[in-house]
Amino acid sequence: MEKLGLNIIREKYLSFFESKGHLRMPSFSLVPKNDPSLLLINAGMAPLKPYFTGAEIPPRRRVTTCQKCIRTPDIDNVGKTARHGTFFEMLGNFSFGDYFKKEAIAWAWEFLTGVMEIPKDRLYVTVYKEDDEAYEIWRDQEHVPEERIIRMGKEDNFWEHGTGPCGPCSEIHFDRGEKYGCGKPTCGVGCDCDRYIEVWNLVFTQFDRQEDGSYEKLKSKNIDTGMGLERLACVMQGVDNLFEVDTVRKILDTVCEWSGKTYGADWATDVSIRVITDHIRSTVMMIGDGVVPSNEGRGYVLRRLLRGAARHGRKLGIRKCFLSELADVVVELSGGAYPEIKEKQDYIKKVIRIEEERFDMTLEQGITLLNAAMDEIRSNTAEGETPVLSGKTAFKLHDTYGFPLDLTKDILKENGMSVDEAGFKAEMANQRAMARDAIKDRESSWAAGEQLVVPKDCPSTTFDGYKALQEKASILYILRDDGTVMPAIEEGDKAVIITDRTVFYGEGGGQAGDRGIIRTDTGTFTVMNTTKSKDGIFRHIGECTEGSVEAGDNADLIVDRTLRLSTARNHSATHLLQKALRTVLGDHVHQAGSSVNGDRLRFDFNHLQAMTADELCRVEQLVNAAIYEDYDVVTREMNIDEAKKTGAMALFDEKYGDVVRVVSMGDYSVELCGGTHVRNTASIGLFKILHESAVAAGVRRIEAVTGQAARELFLEEEAQLTDTAEVLKASRSEAASKARQLTEQYKNAIKELDNAKMNAAKADSDKLVSDAPVVKGVKVVSGRFDALDGDGLRDLCEQLRSKAGDSVVLLASGKGDKVTIVAMCTQSAIAAGVNCGKLVKACAQLCQGGGGGRPDMAQAGGKDVSKIDEMLAKVPELV
């Protein structure tokens with residue numbers, strides 16, 4: 001068989017199954033869509049679950065993919081062996097109620113023995129012990145000798161997960177040769193040695209497991225196969241493990257080149273080389289799919305991978321930040337198969353660089369703290385017991401120095417220690433209880449309306465609201481919130497009205513639902529919100545405000561025109577905003593959420609840093625320039641493939657139907673969008689950013705207003721400027737310079753006052769020094785100066801230490817109802833046993849506070865000002 005590169009094998013596989021009528025689909029994102037059971041996609045079939053369950057209709061009944069996957073359960077073993085890795089690619093061919101065992105087995109055998117040219121005598125197959133059908137197909141159709149077909153039990157060859165679809169499977173194994181075997185007479189498929197390796201698993205989903213454990217036959221049988229690309233590459237290239245596969249080895253060799261190390265010369269060095277090689281692959285793919293480093297969920301996995309790789313780089317002697325450059329190698333090798341990482345290459349490198357730089361800033365300090373803590377617990381641990389790091393120290397490493405708990409655990413494990421995880425979790429829970437809950441911005445998606453039950457026979461609603469704001473329609477149903485059907489409602493009744501057609505936009509895509517009225521001959525219903533179900537049923541939510549309204553009535557539907565136009569201005573401005581952000585910040589910017597109503601717009605987007613004032617100004621200018629260009633806003637319907645060819649922006653990882661709406665604003669902005677818009681950009685009038693803020697790790701938010709709301713904002717700010725100018729007794733044009741002048745005068749006055757306070761304090765310093773008690777040859781100078789802040793105390797402390805000779809000086813202040821304590825001492829005092837860090841800590845505790853520092857200088861704070869004098873009286877005793 002020919003030695004083939006990994007990229008060539010992938011292409012041969014996908015092309016082969018295309019020739020068998022399969023639709024080649026690109027890899028799904030590593031971020032699961034609507035599957036809370038998964039943190040990251042970890043199998044080829046995982047993103048296809050909705051097709052297998054019938055929740056969604058597949059684009060074709062035969063599909064083939066090469067899916068990016070990440071598995072983290074074995075992350076602790078990555079590097080320690082050459083078998084384990086977090087990232088891998090899974091080849092798969094799938095049938096959704098189309099072909100079954102005969103075809104799946106035939107094509108698997110044809111691909112391995114025909115396309116890959118693997119000798120048949122080196123392949124073995126296993127089948128479920130009761131699956132005679134599969135056994136006979138292998139024997140009679142593919143002519144595999146019976147001694148190479150092994151029946152195995154349920155634990156090996158039957159796939160099921162709780163109740164639901166399940167079935168037997170058949171695995172294909174490759175014989176690597178006697179040199180990999182254990183030498184036992186019983187050695188064969190299923191042996192624990194390395195001779196026989198599973199290459200491909202064919203799952204035949206033909207049963208439905210019931211609650212009582214019984215199995216019923218599925219009406220529609222499916223095929224789900226999975227073959228690890230790296231494992232097949234090992235077979236085709238004749239190498240022992242994934243780190244020897246051509247593309248992975250190229251990354252590994254680059255690490256060796258940059259570190260000056262030789263792979264295979266030293267076990268500990270090899271561990272670090274393999275960790276970096278594996279983790280950079282996962283890192284690039286995760287960031288390419290929108291994951292950013294954080295302290296929770298998949299963001300935490302990414303942070304752990306990144307920082308783990310960075311630490312192992314330092315262990316190899318690579319002192320500079322190098323991982324962003326190593327990402328180039330991954331993109332070069334895998335960008336052809338996964339174009340998204342090539343498109344986002346600059347962004348991926350930026351995320352990696354920022355995270356590595358942040359970690360690098362605190363790594364040495366954190367390691368120093370951890371080493372000191374390990375020395376302490378090692379000396380305090382009885383012989384034969386495992387030293388345990390406190391949860392409090394582990395949390396400090398996490399919170400202050402950016403050490404993920406798993407990184408701390410890794411370092412401790414290398415030193416034969418463990419950590420109090422329960423204590424760490426308690427500290428974490430305490431911090432979360434005190435912190436504000438993270439805001440989850442999902443208020444614009446289906447919301448409460450999705451909970452409203454509608455009759456099963458209710459047809460979807462025809463939406464005419466793109467072209468009209470008023471029309472006649474028939475009332476099909478009147479419902480209570482609980483779904484109860486009512487024949488009629490009267491004034492004061494709250495209800496939901498469903499009509500056969502509507503001009504009211506249903507909340508969705510970030511845009512708020514329309515308001516307005518539904519008027520019949522006998523009454524008026526005021527619509528306060530409109531929602532839309534996944535089945536396309538529009539629900540008008542509101543209250544009967546006049547007369548009565550009956551089901552079956554013909555009605556006039558009238559949308560609140562002013563509100564709709566304001567909402568349309570804000571929605572169109574959101575499209576212009578996204579384009580401007582990409583222009584100013586880069587192409588990594590993608591929409592991460594939005595909310596548009598008549599009052600304002602809110603746009604969430606991927607970006608790692610707070611925007612500067614200059615960037616915000618440029619974005620605002622670009623949006624307003626596009627408004628003044630008077631671009632026509634053109635909406636076209638087309639199939640999704642045509643839309644992609646236009647370069648239309650789409651929501652990241654969003655699923656779209658076959659036909660989509662493409663909204664173009666000249667050549668400036670082209671997006672897929674189902675919302676309502678202005679006819680030309682000039683109708684937006686004016687765009688003004690209110691503020692920019694953080695929403696979550698790597699996600700920023702801009703809030704802005706347009707049209708009349710923007711004009712009113714300018715009028716309000718103009719009035720404030722006028723008022724300020726009057727207070728400053730200046731014209732509006734001179735207000736800023738006058739304010740700067742007064743501010744400078746204020747600063748100078750404060751400085752003069754501080755100097756006066758310092759001089760007054762110095763006047764008392766001679767007496768403090770002369771009256772200071774001496775403890776074991778060390779003069780103990782202490783005093784209270786409420787007029788001084790921390791800087792003032794430090795300056796005075798330093799002067800007193802110089803005056804007093806062999807001494808320790810401790811000063812306190814109660815300025816601003818807060819206790820501030822500063823201590824300094826001479827080297828001779830340190831030699832006598834004085835430690836300022838311990839001293840201020842003990843003093844601060846007497847004032848309900850805490851702190852610490854170096855032996856020669858330390859600072860602390862406290863809450864109880866009333867305890868300062870009592871604390872100062874005890875300083876000689878504490879010394």
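Residues are numbered from 1 along each chain as its sequence is written, and side-chain values use heavy atoms, with hydrogens and water left out. Because the model is predicted, local features need pLDDT of at least 70 and side-chain atom pairs count only at pLDDT 80 or more, whereas totals for chains, interfaces and linings use all residues.

A nonpolar core is taken as a set of buried Ala, Val, Leu, Ile, Met, Phe, Trp, Tyr and Cys residues joined through side-chain atoms within 4.5 Å, where buried means under 20% relative accessible area, exposed over 50% and partly exposed in between (1.4 Å probe, protein chains only). The largest such core has 115 residues, and those with the most contacts inside it are Trp138, Trp200, Leu232 and Leu323. Helix α12 (residues 345–379) gives this core its largest share, 11 residues; helices (H or I, at least four residues) and strands (E, at least two) are DSSP runs numbered from the N terminus. A second, separate core of 30 residues includes Ala573, Val596, Tyr668 and Phe687. With contact defined as heavy atoms within 4.5 Å, Leu232 is in contact with Ile9, Leu91, Phe111, Leu112, Met116, Ile118, Val199 and Met227, its neighbours within four places in sequence being left aside.

Threonine 65, found in strand β2 (residues 62–70), counts as buried because its relative accessibility is 1%. Leaving out residues up to four places away in sequence, Thr65 touches Tyr13, Leu14, Met25, Met90, Leu91, Gly92 and Phe94. Aspartate 399, by contrast, lies in helix α13 (residues 391–401) and is partly exposed, with a relative accessible area of 43%. The C-alpha atoms of Asp399 and Pro339, 60 residues apart along the chain, are separated by 36 Å.

The lining of the largest cavity draws at least two residues from each of β3 (87–96), α7 (246–259), α8 (267–288) and α10 (323–334). By class, this lining has seven nonpolar, two polar and two charged residues, where Ala, Val, Leu, Ile, Met, Phe, Trp, Tyr, Cys and Pro count as nonpolar, Asp, Glu, Lys and Arg as charged, and the others, Gly among them, as polar.
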